[in-house]
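Please examine the sequence and the three-dimensional model shown below.

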Amino acid sequence: MAVASKTRNMLENLVREGSFKWLIGNRGPFDDELEEMERSPSAPTNWIPELSPIANVVVRRCSKILGVPTTELCKGFSAEASESIKHPSRYARNFLEYCSFRALALSTQVTGHLADKKFRRLTYDMMLAWEAPASDSQPLLNLNEDVSVGIEAFSRIAPSVPIIANVIISENLFEVLATSTGGRLQFSTYDKYLSGLERAIRKMRTQSESSLLSAVRSSRGERILEVDGTVTTQPVLEHVGISTWPGRLILTDHALYFEALRVVSYDKAKRYDLSDDLKQVVKPELTGPWGTRLFDKAVFYKSISLSEPVVIEFPELKGHSRRDYWLAIIREILYVHRFIHKYQIKGVKRDEALSKAVLGILRVQAIQEISSAPLRSEGLLMFNLCDQLPGGDLILETLANMSTVSELNRSNTSKSGGGMYSISALDMISNLGFAFGTSSNNSVEAGLAVGEVTVGQLTSLERAVKESKNNYEKVAQAQATVDGVKVEGIDTNVAVMKELLFPMMELGKWLLSLALWEDPLKSLGFCVVFTYIICRGWLSYAFALTLVFIAIFMMLTRFFSQGISYHEVKVLAPPPMNTMEQLLAVQNAISQAEGIVQDGNIVLLKLRALLLSLFPQASEKFAVALLVMALTLAFLPGKYVVLLIFLEAFTRYSPMRKTSTERWMRRLREWWFSVPAAPVILEREKEEKKKR
């Protein structure tokens, strides 16, 4: 009662003064509504003192849309919200979200709501109010200038209307929209985006209701999402084997269709399935005349249902933006069906998943209309993005494992008039006039699908997305360091590798010197110590202790190098080489690689000859050696086998064994050189197979 009396007195004073100008300064875009509230007989009861003027205006608009007095909204919020959500420090923003979600859920049921200027302005003003919801919050904007909203407000309000954004891609979408305005989204850009969305929806509806592939699509209720190849300046070419045909490419929510162009009509459409699990591979591909790989402008499609892969080319004079767009939307449909199969999603939840993919493609089409800059479409498509993000599989798992019982409770709450949850993607696409599959078009009636945003708290999906994006930032920072240390030139990269491997090379030289008994005293001590360790069975402990020392070294290095920049690797750059020297270095490297491959082939061919007894005398000796090794491994304890191997390796060049070792190594080399290699016959591929 005291608060109501105080509010009434404040408003009466404002009425006597004749304006609300002391609240907002000079006249701004909200003045008319504020003055209307001032003149209203119910002004003392409808003004909420905890809210800022802008938030009060937005709540009043929501009240008009819902046909519910502001006081009733307050009572509903108090009844439905938990105590933590109603805490005074969070009350203003959470109550604003509650009113906004309820009003948007009702507004989006109106046909053509995206074309309504009032709806566009309402959603934008909700973002403005979200940034300064409380009466005591600092003003974040000047209402007399061009106002703008930040990424947090957009990511909170926009996903409550699934056609505008969703939780997973909202930040990426905001960055695209706000690129030219300094990281803040202005209403003019936002309005253009919604206009583009409305046109994309009309285009999709027209295509889906047309007779295009109507006989093929009717069995599954497929909806056409995109068509290309109908304009002569932007052809689409299909490559199968050595044949190439121009034609029309059609993407639905289940498959990709290609109709080859004849003289005056199109052939029967070829169907490349994206919905069934056919081990499909969809990736970028290079094409060119006579089988060359020159132009990066094509999409490669392969599945177990096809005898040979298909390459679909999108010719254009500059760049490969068309190909990138088609690759992204084809993968989006493929990935959503993989998601459905992996988690065995059925019924309404399956239609909900398809709806999310379709809405993502509509958003990309809208952005393409209003943006002239190159667009990374995969960053705006949620299933593409989850395939790229670290922990993206956890996001999809969270999406799939949303509790049906919890969702049913949310649906029942929404039926009773609650507004703690935003509208679902399936509700959104049903309100737009589309239907998927054979399940109910109304997810609320089905009692399963709900939105991705809830009042005053993060859903499990939002938490998974936030964690994944934090990890992505770490990966991006690490990748930036990787890109920064890449150097060009074979000689320079070899120099860097030598410097990095220097400690290992020194360790190898030290072990080799011990094995060669260059210092007999050190070699003897090394052999005695390791022989004792092996005999006592402490070898595993020795390796464990080595790992412990490495871990301690890392911890000490971290402790003593706090506040110190990373230690740079200093490499002595090799002298610069001219073009001819570089070509000779490459040729030398290729020759060395060829020699290594040849030596490897000779070893394999000689082993083949031994196994097939092409040289019986050598094969008999080899078989006897294998039999002795097998008996040794079978009857001798493991630690003694290890001991024999160690002593053989580290005592063969000791003063006592050096002469006999050299003699046995010579006999072994002579025996190896006497083993013939298995014959090799090279067969050339026949011309008929190539043509086929």
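The paragraphs that follow describe the chain as a whole, then helix packing, and then selected residues.

The model is predicted, so local features are taken only where pLDDT is at least 70 and side-chain atom pairs only at pLDDT 80 or more, while totals for chains, interfaces and linings use all residues. Residues are numbered from 1 along each chain as its sequence is written, and side-chain values use heavy atoms, with hydrogens and water left out.

The secondary structure of the chain amounts to 29 helices and 10 strands; helices (H or I, at least four residues) and strands (E, at least two) are DSSP runs, numbered from the N terminus. Of the 692 residues in the chain, 40% are buried. Buried means under 20% relative accessible area, exposed means over 50%, and partly exposed lies in between, with a 1.4 Å probe and protein chains only. The chain exposes about 39,900 Å², and carbon and sulfur atoms supply 60% of that area; accessible areas come from the Shrake-Rupley method with a 1.4 Å probe, and for residues only the protein chains shown count as cover. Among contacts (heavy atoms within 4.5 Å) between residues at least 6 apart in sequence, 64% join residues at least 24 apart.

Two packed helices are described by the angle between their axes and the distance between the axes. Axes are lines fitted to C-alpha atoms, for helices over the stretch in contact, and angles run from 0 to 180 degrees between N-to-C directions. Helix α23 (residues 520-535) packs against helix α27 (residues 638-651) at an angle of about 170°, with the axes 9 Å apart. The two helices, α23 and α27, are therefore roughly antiparallel, a term for angles over 145 degrees; those under 35 count as roughly parallel, 65 to 115 as roughly perpendicular and the rest as oblique. Residues of α23 in this contact include Phe526, Phe530 and Ile534, and those of α27 include Val642, Phe646 and Phe650. By class, the contact of α23 with α27 has 10 nonpolar, two polar and one charged residues. Here Ala, Val, Leu, Ile, Met, Phe, Trp, Tyr, Cys and Pro count as nonpolar, Asp, Glu, Lys and Arg as charged, and the others, Gly among them, as polar.

Helix α25 (residues 579-611) and helix α28 (residues 658-674) pack at about 80°, with their axes 10 Å apart. The pair α25 and α28 is therefore roughly perpendicular. Val603, Lys606 and Leu610 of α25 make the contact with Trp671, Trp672 and Phe673 of α28.

Helix α16 (residues 392-400) has several buried residues, among them Ile395, Leu396 and Leu399. The cover over the buried residues of α16 includes α13 (321-342), α14 (347-370), α15 (382-388) and α20 (460-485).

Arginine 323 lies in helix α13 and is buried, with a relative accessible area of 3%. Leaving aside neighbours within four places in sequence, arginine 323 is in contact with residues including Glu285, Asp296 and Glu316. Aspartate 125, found in helix α8 (residues 117-131), counts as buried at 1% relative accessibility. A polar contact of 2.6 Å joins the side chains of aspartate 125 and arginine 61; such a contact is a pair of N or O atoms within 3.5 Å, where, within protein, one must be able to donate a hydrogen and the other to accept it, and residues adjacent in sequence count only if both atoms are side-chain atoms.
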